Amino acid sequence: MRFHMLHPRDQLVAITNRIYHNGMTTLSGGNLSIRDEDDSIWITPAGIDKGNLMPRDIICIKPDGTRLGPHSPSSELPFHR
């Protein structure tokens, strides 16, 4: 698999699944983010079970602050910025 070729949503789900299924985080812990070439931040959502995370659950924060996605972003967003 060419990991760097995956969409940021798919990258975050793959990394989160790997961390969760190897016992390195809890269902609600361990938030991750990726900053893309457009300076958008892709971040895991708040309050969503990390063991069942799907690409559609990942939140995109545009450089102007617009949030795209069905959930609230992690409360750690300021740290990720």
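Biologist: What share of the contacts in the chain with a separation of 6 or more comes from residues 24 or more positions apart?

Modeller: In this predicted model, residues 24 or more positions apart account for 40% of those contacts, where a contact means heavy atoms within 4.5 Å.

Biologist: How do you know that the radius of gyration agrees with that of a compact globule?

Modeller: For 81 residues, a compact globule would have a radius near 12 Å, and the chain has 12 Å, so the value agrees with the rule.

Biologist: Why is aspartate 57 called buried?

Modeller: Buried means under 20% relative accessible area, and aspartate 57 has 10%, so the residue counts as buried. Aspartate 57 is found in the loop between strand S2 (41-43) and strand S3 (59-61), and, leaving aside its neighbours within four places in sequence, its contacts include Pro45, Ile48 and His71.

Biologist: What makes the pair of aspartate 57 and histidine 71 a polar contact?

Modeller: The cut-off for a pair of N or O atoms is 3.5 Å, and the side chains of aspartate 57 and histidine 71 are joined at 2.8 Å, so the pair is within the limit.

Biologist: What is the phi of aspartate 39?

Modeller: Phi of aspartate 39 is near 70°, a positive value in a residue other than glycine. Most residues other than glycine have a negative phi.

Terms used: Residues are numbered from 1 along each chain as its sequence is written. This is a predicted model: local features need pLDDT of at least 70, side-chain atom pairs count only at pLDDT 80 or more; totals for chains, interfaces and linings use all residues. Side-chain values use heavy atoms; hydrogens and water are left out. Helices (H or I, at least four residues) and strands (E, at least two) are DSSP runs, numbered from the N terminus. Buried means under 20% relative accessible area, exposed over 50%, partly exposed in between (1.4 Å probe, protein chains only). A polar contact is a pair of N or O atoms within 3.5 Å; within protein, one must be able to donate a hydrogen and the other to accept it, and residues adjacent in sequence count only if both atoms are side-chain atoms. The radius of gyration is taken over C-alpha atoms; the globule rule is 2.2 Å times the number of residues to the power 0.38.
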